[in-house]
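Please keep the structure in view while reading.

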Amino acid sequence: HELRSPFATPTAGLGLGRSPSGGHGGLRRAAPTGLMPVAGLIADRVDDRRAISIGVLIRAAGFAMLGTVQSTPGLVLASVLTGLGGALFHPASYAAYAALAQGRDRVRVYATREMVSNLGFVVGPVVGGLVAGLNFAYVSWTAAGLFVLAFFVTVIRLPAGPSAPPPQQSSLQRVLWSPRFLRSSVTSTPLRLLVPPLPRCVPFP
């Protein structure tokens, strides 16, 4: 999804100023982050494969809309859809990793996942910048196509079944009262604040 990093193109095309564009960018970032706790609770109670499949399709629809919308409300709706899809499949995907890593070297499994993710994080903005120079719609439609492909890979390759039985106690409540989780959150929050600007630091040709 880092293909869509040159996001100023559609906002500029709609004649949005700096403040509306910044507000829209904040909404686009806040949508997935703010919805993840609720989406994670949903993923706890449904099949992980189903949650991931629905999430990538919702995000594909959002990216497809980004390539066609001609109004500010449409742009906002498309961004919310991309965020909603990400909020739904991200928690379920990590739960699936935890389930599939049982009996294996978990450090190697997660390290491989992060390595591949970071590779896309670096290469995506460069490719997106090159394509956006032709037409931003191509960026959006390419991203939508990649998430449709992810849908088929998920359905075909990911085993069915929830990663764990529904918890008796609210999983969110358990997390909020976990000292280990709180320490991890405090430690990693400054690093997460650096993530949104990083794709803009990759030099475009």
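Helices are DSSP runs of H or I with at least four residues, strands are runs of E with at least two, and both are numbered from the N terminus. The model is predicted, so local features require pLDDT of at least 70 and side-chain atom pairs pLDDT 80 or more, whereas totals for chains, interfaces and linings use all residues. Residue numbers start from 1 along each chain as its sequence is written, and side-chain values use heavy atoms, without hydrogens and water.

Helix α6 (residues 136-157) contributes the most to a nonpolar surface patch, namely four residues. The patch consists of Leu-57, Val-148, Phe-152, Val-155 and Ile-156, and together they have about 430 Å² of accessible area. Areas follow the Shrake-Rupley method with a 1.4 Å probe, and for residues only the protein chains shown count as cover.

Rings of Phe, Tyr and Trp (its six-membered ring) pair when their centres lie within 6.5 Å; planes under 30 degrees apart are stacked, over 60 edge-to-face, and the rest tilted. Phe-63 and Phe-147 are stacked, at 5.7 Å centre to centre and 25° between the planes. This pair connects helix α3 (residues 48-66), which holds Phe-63, with Phe-147 in helix α6, 84 residues apart. Ring pairs also join Phe-63, Phe-89 and Phe-147 into a cluster.

Key: Patches are made of residues with over 30% relative accessible area and no salt bridge: like charges are joined within 9 Å, nonpolar side chains (Val, Leu, Ile, Met, Phe, Trp, Tyr) within 5 Å. A salt bridge is a side-chain nitrogen of Lys or Arg within 4 Å of a carboxyl oxygen of Asp or Glu.
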